[in-house]
Amino acid sequence: MEKEQTSAMPTLLRIVPMTHRDGVCPVLTTLALNAVLVFSSACDDDGQAGTDICAGDACGQNDASDGDWIDGSYSDASTTPEEICTNTWDEDGDGAADCDDSDCSSRLICQTDQTVESEGNGSRQNADPIDIGDIVRGQIGEYSENADGEVVDDIDWYRFSIDAPTLLSWSFDDANGYAILRLLLGGLDAENDSVWRRLDVETPSSSRHVYLPIAGTYGIQVRDLRNTDLSSNDIPFGGRDFDYAFQLQTSDLASSSVNLPFETGASVLSDLNEVVVWDFDLNIGDILEAEVVAERLSPSSGFDSILYLINRADGNVVAWNDDAPLETLDSFIRSEALADPLQARLVLDHYQIRHTSAFELSVEVVSPNQDREPNDPVELAYPSQTDETIDGQIAEPYLLFDDVKSDTDYFVLTGGLSASYTIDVVPQGDQVDLALRTGWSGWNDDDEFVFYERFQADPVDTRNARLEATSLHDTDFIIEVTDRRNLFEDETDPIGGVGFEYQLIATLLERQVSIVELPLDTAGVISTPGEAQWFEFTVPSQTRLVATAIGTLETMEPFLTLSHQDDAYILRGSRELAYVNAHEQIYRLLLVDRSGTGGEEQGYHLQVSAQVFSVIDEQEPNNGPPIGGQTLQSVPAWVNAELTAESPDDFDVDLYAITLSAGVLLTIETTSGLDQEADDADTQLTVTVPGYEDPFEDNNGGRGRFSFLGPIEITETGLVEIEVAPWCDDEQCRTGDYALTVVTEPVAEE
């Protein structure tokens, strides 16, 4: 993925002609090793900026005794100017210009058989297709501003494909060093869209390597950094136009065979950015841990890398990381406990090439069921196994400036659909306020890796904790151990717990499932925090499954999860859930108490029923005025229907109408039709309700490609209009079968 850290600026001095704004004579800014030098630019007699620093033959003959600026580079009186390869001028005065000059003829931008950029490639969707091996010739136009003062800059996108993990040699040539480049490479397929990175290059010409571990289609973006929001006083805004060329070629991975454990010692990578590869073998149950430690050789140097653990037999990625949450730029990976032997390959690919950088790499096999640091945050949860005791330790909190730094241990169990565990933690020592939680890890809306808690132990005393936990997804299962005071701030229990040792053991439970018939009306007791109670039943076709659980005490938090008979997850809900069922199915319902208490007093009352619909067929024409829509006489209603389309400009719209009284909640959903064919529509739902100024709309709130709206409170008696249309893009409409369900229920009394 793209790295956001700004790399050190290259040693090459750059002249940045600033575009004139607001009548102010612009400046030329030179960047070198993070130092900024500012020079006055050429201005006309009226104080306006001149169009060129030099022009015509003057640029090829430097008469100034103390030196002069030559179209992007500095030359003193004793130095022959360097030939610029794309501006039609003869800078060095040898009678040959551009690619006819021997200084340019071997450059990439002067090679024949070039693939020329097609303009209109300013987005990922419109990227120019290229082949590996092509020499691609493009141009970045000078930036401009529109009438609103917004920047309009030229961005070029290219796309290429690989059919296996590939090491690429990347060469770039912008001919004159005008640009401050921002080159991005990213995966364009769903399988590789997490592969994003910045490609550091040194201009006017450079070469580097990049390793792509996943087959698929990738995109390359070429942009001038001065035309982006990354411009600043140090990187002045407003680049000028320039020509460039680049070429991608495949390279071979050169690997070294090693035995584990091994360390590299201090190793240096050159500006060519070699990708370094080691081969070794791993056994069943092994957990590989590899860590990069970089050495900064100067204040402006850096090292930022990606580590890949590869299966040499098939080339697939076993584990990788480019941003381990260790508050450094160094890579760290830890594999899961291997279920099979592995012919392993470790690949180190790094970003920084502008300065010599060094690193140290340590690789070893570690054992499961350890409290091995780092295992915090949750992304670094340590692999564990059931029926094995872990001897752990929570470090005592300490104060860093104004923040309390506390220790939390995360462990990961190999998940499985509806696998259940008993988890026990016994701490050693006094004054321990133990916190034990379980759940799942994943990415939130801010693209952060987080811990999603599902079950929390609430021990009777502050020492021992036990809970049962059930994995609702076929994903890894997380265990969290710490002092409660380091997680939950409380005025009577202030943050900052004690350090302590503990023992943790997770035991796999044999699940007990109660087979019942609908309607179900039963009572029970949750005696252990996290205890799972399962019910299995058959639901008739064309019905709406409704389940409600109520705790006998207010402290109880019933939580329901519905799955198929094969434990494939469907949906969950706090206290209640509803699911429209097209075909006769066997379902399983999980009931747990989320309060984390348990005990004989934590009873519940569970009701499950299959609500029957009035089933009718769509009656065409029902497209609305002037023909009119189809009237629904009663609810709950199930309508079997179909959407058709001739084009995105000519498609079928189904309109339904029903009169409803105030004081009810309306829920409308489209779902799969009765047939088993793969011809379901992708619906867009619009509902107009009396008393509401704007209609309600949805096109993907339902399962799959369907729609869902509700519950909507009906506040005025009147006609409700329901419009169902196919979702269309510029090329086609997603038509086919669907079922429309309309349900009402009374508004709950306060």
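Q: What does the secondary structure of the chain come to?
A: It comes to zero helices and 59 strands. Helices (H or I, at least four residues) and strands (E, at least two) are DSSP runs, numbered from the N terminus. This is a predicted model: local features need pLDDT of at least 70, side-chain atom pairs count only at pLDDT 80 or more, and totals for chains, interfaces and linings use all residues. Residues are numbered from 1 along each chain as its sequence is written, and side-chain values use heavy atoms, with hydrogens and water left out.

Q: How many residues does the chain have, and what share of them count as buried?
A: The chain has 750 residues, and 49% count as buried. Buried means under 20% relative accessible area, exposed over 50%, partly exposed in between (1.4 Å probe, protein chains only).

Q: Which strands form the open sheet with mixed pairing?
A: Five strands do, in the order β49-β53-β58-β55-β56. Its edge strands are β49 (630–631) and β56 (696–698), as each pairs on one side only.

Q: What makes β53 and β58 a pair?
A: Two strands pair if DSSP finds at least two bridges between them. Strand β53 (residues 654–660) and strand β58 (residues 718–726) have seven bridges, in the antiparallel sense. Within this pairing, L655 stands opposite E723 in β58.

Q: How do you know that C85 and C104 form a disulfide?
A: A disulfide is a pair of cysteine sulfur atoms within 2.5 Å. The sulfur atoms of C85 and C104 are 2.1 Å apart, so the pair qualifies. Both cysteines lie in the loop between β5 (73–75) and β6 (114–116), so the link ties together parts that are 19 residues apart in sequence.

Q: Why is the disulfide of C85 and C104 called left-handed?
A: The torsion about its S-S bond is about -90°, so the disulfide is left-handed.

Q: What is the S to S distance of the disulfide that joins C99 to C110?
A: It is 2.0 Å. The torsion about this S-S bond is about -80°, so this disulfide is left-handed.

Q: Why does C99 count as partly exposed?
A: C99 has 32% relative accessibility, so it counts as partly exposed. C110 has 14% relative accessibility, so it counts as buried.

Q: Which handedness does the link of C728 and C733 have?
A: The link is right-handed, with 105° about the S-S bond. Its S to S distance is 2.0 Å. C728 has 23% relative accessibility, so it counts as partly exposed. C733 has 11%, so it counts as buried.

Q: What makes the phi of N369 worth a note?
A: N369 has a positive phi of about 60° although it is not a glycine. Most residues other than glycine have a negative phi. N369 sits in the loop between β27 and β28. At 12% relative accessibility, N369 counts as buried.

Q: Why does D567 count as buried?
A: D567 has 7% relative accessibility, so it counts as buried. D567 also has a positive phi, about 75°, although it is not a glycine. Its place is in the loop between β43 (558–564) and β44 (569–574).

Q: Which omega goes with the cis peptide bond from L260 to P261?
A: Omega is near -5°. P261 is placed in the loop between β18 (255–257) and β19 (262–263). The peptide bond from D376 to P377 is also cis, with omega near 15°.
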